[in-house]
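Dear colleague,

Please find below the structure that I am handing over to you. My notes on what was found in it follow directly after.

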Amino acid sequence: MTLADAQPQALDFECETGNYHTFCPISCVAWLYQKIEDSFFLVIGTKTCGYFLQNAMGVMIFAEPRYAMAELEEGDISAKLNDYEELKRLCMQIKRDRNPSVIVWIGTCTTEIIKMDLEGLAPRLESEIDIPIVVARANGLDYAFTQGEDTVLAAMAHRCPKGSAVVEESEKQERGNAITSLLNFGKKKEEVVAEESEYHDHAPLVMFGSLPDPVVTQLTLELKKQGIKVNGWLPAKRFTELPVIDEGYYVAGVNPFLSRTATTLMRRRKCKLIGAPFPIGPDGTRAWIEKICSVLDVEPKGLEEREAKIWANLEDYLEIIRGKSVFFMGDNLLEVSLARFLIRCGMTCPEIGIPYMDKRYQGAELKFLEQTCIDMGVPMPKIVEKPDNYNQVQRIYEHDVDLVITGMAHANPLEARGINTKWSVEFTFAQIHGFTNARDILELVTRPLRRNNSLKDLGWDKLVKEEAKV
Amino acid sequence: MKLAYWMYAGPAHIGTLRVASSFKNVHGIMHAPLGDDYFNVMRSMLERERNFTPVTASVVDRHVLARGSQEKVVDNITRKDEEENPDLIVLTPTCTSSILQEDLENFVERASLSTQGDVLLADVNHYRVNELQAADRTLDQIVQFYIQKARKNGDLLEEKTAKPSVNIIGVSTLGFHNQHDCTELKRLMADLGIEVNEVIPEGASVHNLKRLPQAWFNLIPYREIGHMSAHYLEKEFGMPFVDITPMGVVETARCIRKIQEVLNAQGADVNYEEYIENQTLHVSQAAWFSRSIDCQNLTGKKAVVYGDNTHAAAMTKILAREMGIHVVWAGTYCKYDQEWFRKEVSEYCDEVLINEDHGAIGDAIARVEPSAIFGTQMERHVGKRLNIPCGVIAAPIHIQDFPIGYKPFLGYEGTNQVADLVYNSFTLGMEDHLLEIFGGHDTKEVITKGISADSDLGWSADGQAELNKIPGFVRGKVKRNTEKFARERNITEITAEVLYAAKEAVGA
Ligand code: SF4
């Protein structure tokens, strides 16, 4: 597909071989143990899992992280050892050394294959050692990278208290206080009462998706400006502060990879899902807020100006990327939202690779992508689910793409062939949500272009001999 | 089940892939779930590799669990064969395939019926061997395969080269400073008038393996990778091998003398004594360094050493024998080969530590309070916390351990590099000394983050003030020694007097 082609009427979906590089979903422990401060993540797997985590977490591993491997040995595989006793021994040790408020068991490929019944063992052990045990099967057989968070949050959704339970507890002045003070950013009671009146009278709303605390604050305040009150976040800073979720609550996702969590909240907790584009980029943020407003029957105000102001601030970056093309190889499920934002920035996008596409959960985002392509007068991207990296590299050569967003396995080899790349994993760790962080996304996207701009007269863009070409 | 936070040696498939992807035009296909191709990231990042890492996965997913992976594996092998025409495809099992117990051998046979290149199944079991053992085995397996193939085809080259020649065996990708070591070894061989017949596996073509028997001998620079191949070649062709790691001045000389012996036994009539003397006295600076007053200041200082067998053993000998440093303990994570390690280092250190648990290693460091640590990245971080400098001498390593500049650990240039490393690690010998004499200039707040140091004692203002005058790099140690002194005497508050009393009593 080139720019000259006629614009297709709808998005084109394809599915390839699934031979692509991505992180194992157990990597979610790296950011979730930091987010949930009183948690401990126990990954029940092999040396392979441990080696991956140790290397992928980089220097974090030296900071005594609240995670560990329960490394399975031959005796565990052949069922010579008793799973329950073994897990009990390790969890007791964790309790003694770290005293967490929750232990999250991450099931891996091996526990799947040997059919270790983690869900069955957990409740027994939980009552024996008196620490909640949450089981998430975040393995490489079923999921890719960020979907790991989805499995953990879906499991946590079951642990969110019901309103009735909290009323009882708040009489004991425990959880209630924690929640009130969290939601009100530590303000005093009188101020809180005064503040309540600033909110519209709408049905309770809970957000889901793990974001760094500053971003949580930013998005919460953004909604507050519209008079919308966020009753809680899944996950909260501490496991003991998981939000109340009652039947009939509204829930909204902040990330595109949370489809299981969404399903769990709808089916098991009887919540109503607000299907909106995701708050990535100023366009996405505005659409996200507008959708929430419309569902809660609130008239949004000042959003257009707010968005325009953010765009105006981005102009120096937009100049660099306007008219350039971007290719997503696909590995973290943020691809559609990022592509939509970059198309709005003036880029073209021949292909969006993505590990897994939930057309229902991402429905609003996909529509928004279509609309954006029409508005900007550019061809619709081809969305390639379960991509094949080898074929993609051939297509990248064909399209002569200006920027490839890809994993670290391909970045250096592509750079050596004169192709600009941005390492995709950075988008999952950087702050990219909300109006405030739009600049950060573009900072990442333009970095290779700016860097290579300053090197461009040196004649060093192709650093492999021709025959070495794949 | 074992609670583990950190591991020193990786899983078996990493070893196989390191060897396979070191060869030219050999492709590794992992039988693994999505996400296990992390090897590619490491190679691309750590080695800043310009080419695509020749490793792909034949993905094991739900579908495969239900129906078996035969079709998929066979397809993936034949597809790779067409796309990239590799000489050899190595099917690499992982922890997952170890428990699925599919007949991978059979898939390989089926696939090789329709491939141009050869196909092998790496004979490694996740639960039995680690990265290093697997690398050794895979190399041996490939060597044997091509020797036998050549024999069958009648094109095995057994006649020795006219001039003395060597195969260098065991240089591989993601090996600690292997690329630089390889260059240094080639230089050394050139100096000695020895032709390099083949270097394997790094950069080698499998077609050349049939030429291995032409060399006069094999050089195995690293303890961990290459021994199996060397033994095989010795058994098949009577090829002698030299497995003395030429790291450090004394060991390099020993290695060269052994080479001399091996060559002369085959009628070469070489004498390297003059070369050794000239290199030792004039080319390598290490011998001179050990005489210089810098090194004098290191005399009797305490160090601990930890790493793989090769580097920890060599380093221990260098420190103790060539620099007069007191190695309190030397340790290795190569448990499976511990006898060798004990034998190598026993006479050069007070204690030998065989342990794969980084917590135990950290505690052993905290207990000993050495002036410097020589270990892996993990020990470097322990050192950071305890305020003890650390020189990194072995994997696991980070990107900064893949320097662009020339930094071999082996050969005569290697001795210079090691001397620098040691000297810089000991907080700049002379400077340390002068700081101690003049009371130091470091007034940073003292932060004790001792791993096993529990501080339940109070420090008076004047005690704290005195403590702050002590140079930063020894302050933690002084603090802990003083507290130990106080605790033994039931002193609850540490004043300046107590501090000095402790110093006199225990030499804190
Ligand atoms: S893919 Fe499976 S075996 Fe590999 S690291 Fe992930 S959970 Fe472990």
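**Contacts between the two chains**

Lys2(B), in β1(B), is the bridge partner of Glu71(A). The strands concerned, β3(A) and β1 (residues 2-4) of chain B, run antiparallel and are joined by three bridges; two strands pair if DSSP finds at least two bridges between them. Helices (H or I, at least four residues) and strands (E, at least two) are DSSP runs, numbered from the N terminus.

Please note that this is a predicted model, in which local features need pLDDT of at least 70 and side-chain atom pairs count only at pLDDT 80 or more, while totals for chains, interfaces and linings use all residues. Residues are numbered from 1 along each chain as its sequence is written, chains are lettered from A and ligands numbered from 1 in the order in which they are written, and side-chain values use heavy atoms, with hydrogens and water left out.

In the interface, 69 residues of chain A are in contact (heavy atoms within 4.5 Å) with 53 residues of chain B. The size of an interface is often given as the accessible area lost when the parts come together. Here chain A and chain B bury about 5300 Å² between them, and 61% of it is on carbon and sulfur atoms; buried area is the accessible area (1.4 Å probe) that two parts lose on being put together, summed over both.

The rule finds four salt bridges across the interface of chain A and chain B. A salt bridge is a side-chain nitrogen of Lys or Arg within 4 Å of a carboxyl oxygen of Asp or Glu. Glu74(A) forms a salt bridge with Arg128(B), where the closest N and O atoms are 2.6 Å apart.

Several elements of chain A give two or more residues to the side that touches chain B, including β2 (39-45), α2 (47-56), α4 (83-98) and α19 (408-416). By class, this side of chain A has 39 nonpolar, 16 polar and 14 charged residues. In that count, Ala, Val, Leu, Ile, Met, Phe, Trp, Tyr, Cys and Pro are nonpolar, Asp, Glu, Lys and Arg are charged, and the others, Gly among them, are polar.

**Domains and local features**

Chain A is divided into domain 1 (25-143) and domain 2 (303-458), with bounds that come from an automatic or database domain assignment. The C-alpha centres of these two domains of chain A lie 35 Å apart. Chain B is divided into domain 1 (12-129), domain 2 (165-281), domain 3 (288-437) and domain 4 (458-505). In chain B, the C-alpha centres of domain 2 and domain 4 lie 53 Å apart.

Over all chains, a search of the whole structure finds 53 salt bridges. In one of them, the side chains of Glu128(A) and Lys88(A) meet at 2.6 Å, N to O. Glu128(A) lies in helix α6 (residues 118-129) of chain A and Lys88(A) in helix α4 of chain A, so the pair ties together parts that are 40 residues apart in sequence.

Most residues other than glycine have a negative phi, and most peptide bonds are trans. Asp130(A), which is not a glycine, has a positive phi of about 65°. A cis peptide bond joins Ile200(B) and Pro201(B), with omega about -5°; Pro201(B) lies in strand β7 (residues 195-201) of chain B.

With kind regards
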